[in-house]
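Here are some notes to read alongside the model. Take them in order, with the structure open next to you.

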Amino acid sequence: MIIIDRIAMIIAIIGGLNWGSIGVFQFDIVAWICGGQSGVISRIVYILVGIAAIWCISLLFRDHEPRESVREVHHHG
């Protein structure tokens with residue numbers, strides 16, 4: 001997995017956890033940390049989460065190759 005895939009997944013997970021917090025506790029963690037929903041930093045975080053989610057959609061349609069090639073083990077006898 002390339003680094004941008006990991007970054008996108010981490011950001012999307014953060015966004016998902018924030019939405020879970022909003023749904024369960026009616027508490028927006030991003031807004032709380034970044035100074036309200038209309039704050040510049042909050043809006044940047046929300047935009048990054050959206051972009052990350054769009055990037056993660058591409059993960060569903062990619063051909064995934066095995067991380068390591070299977071090595072044949074020969075026994076000498």
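1. Let's begin with the surface. Helix H2 contributes the most to a nonpolar patch, supplying three of its residues. Keep in mind as you look that this is a predicted model.

2. Who belongs to that patch? The members are Val24, Phe25, Phe27, Ile29, Trp32 and Ile33, and together they have about 700 Å² of accessible area on the surface. Helix H1, which covers 3–25, and helix H2, which covers 29–34, each bring at least two residues to the nonpolar patch.

3. Two of the members are worth a click. Val24 sits in helix H1, and its relative accessibility of 63% is over the 50% cut-off, so Val24 counts as exposed. Trp32 belongs to helix H2, and at 62% relative accessibility Trp32 is exposed as well.

4. Now step back to the whole chain. Of its 77 residues, 18% count as buried.

5. Look next at Gln26, in the loop between H1 and H2. The phi angle of Gln26 is near 50°, which is a positive value in a residue other than glycine. Is Gln26 buried or exposed? With a relative accessibility of 73%, Gln26 counts as exposed.

6. On to how the helices are arranged. Two packed helices are described by the angle between their axes and the distance between the axes. For H1 and H3, the axes come within 8 Å of each other and cross at roughly 120°. That angle makes H1 oblique to H3. As for handedness, the crossing of H1 past H3 is left-handed.

7. Which side chains meet in a salt bridge? They are those of Arg62 and Asp5, with 2.6 Å from N to O. Arg62 is in the segment after helix H3 (40–60) while Asp5 is in helix H1, so this pair ties together parts that are 57 residues apart in sequence. The count for the model comes to one salt bridge.

8. Asp5 has a relative accessible area of 2%, under the 20% cut-off, and so is buried. Arg62, with a relative accessible area of 29%, is partly exposed.

9. Finally, have a look at Ser42, which lies in helix H3. Ser42 has a relative accessible area of 0% and is buried. What lies across from it in space? Ala31 is 11 residues from Ser42 in sequence, and their C-alpha atoms are 5.8 Å apart. Trp32 is another residue to check from here: Trp32 and Ser42 are 10 residues apart along the chain, with 8.9 Å between their C-alpha atoms. Trp32 also brings you back to the nonpolar patch, where Trp32 is one of the members.

Methods. Residues numbered from 1 in each chain as written. Predicted model: local features only at pLDDT ≥ 70, side-chain atom pairs only at ≥ 80, totals over all residues. Heavy atoms only, no water. Patch = residues over 30% accessible without salt bridge, like charges linked within 9 Å, V, L, I, M, F, W, Y side chains within 5 Å. Areas by Shrake-Rupley, 256 points an atom, 1.4 Å probe, with all protein chains shown as cover. Salt bridge = Lys/Arg side-chain N within 4 Å of Asp/Glu carboxyl O. Helix = DSSP H or I, 4+ residues; strand = E, 2+ residues; numbered from the N terminus. Buried < 20%, exposed > 50% of the residue type's maximum accessible area, 1.4 Å probe, protein only. Axes fitted to C-alpha atoms, helices over the stretch in contact; angles between N-to-C directions. Parallel < 35°, antiparallel > 145°, perpendicular 65-115°, else oblique. Left-handed = near helix turned anticlockwise from the far one by under 90°.
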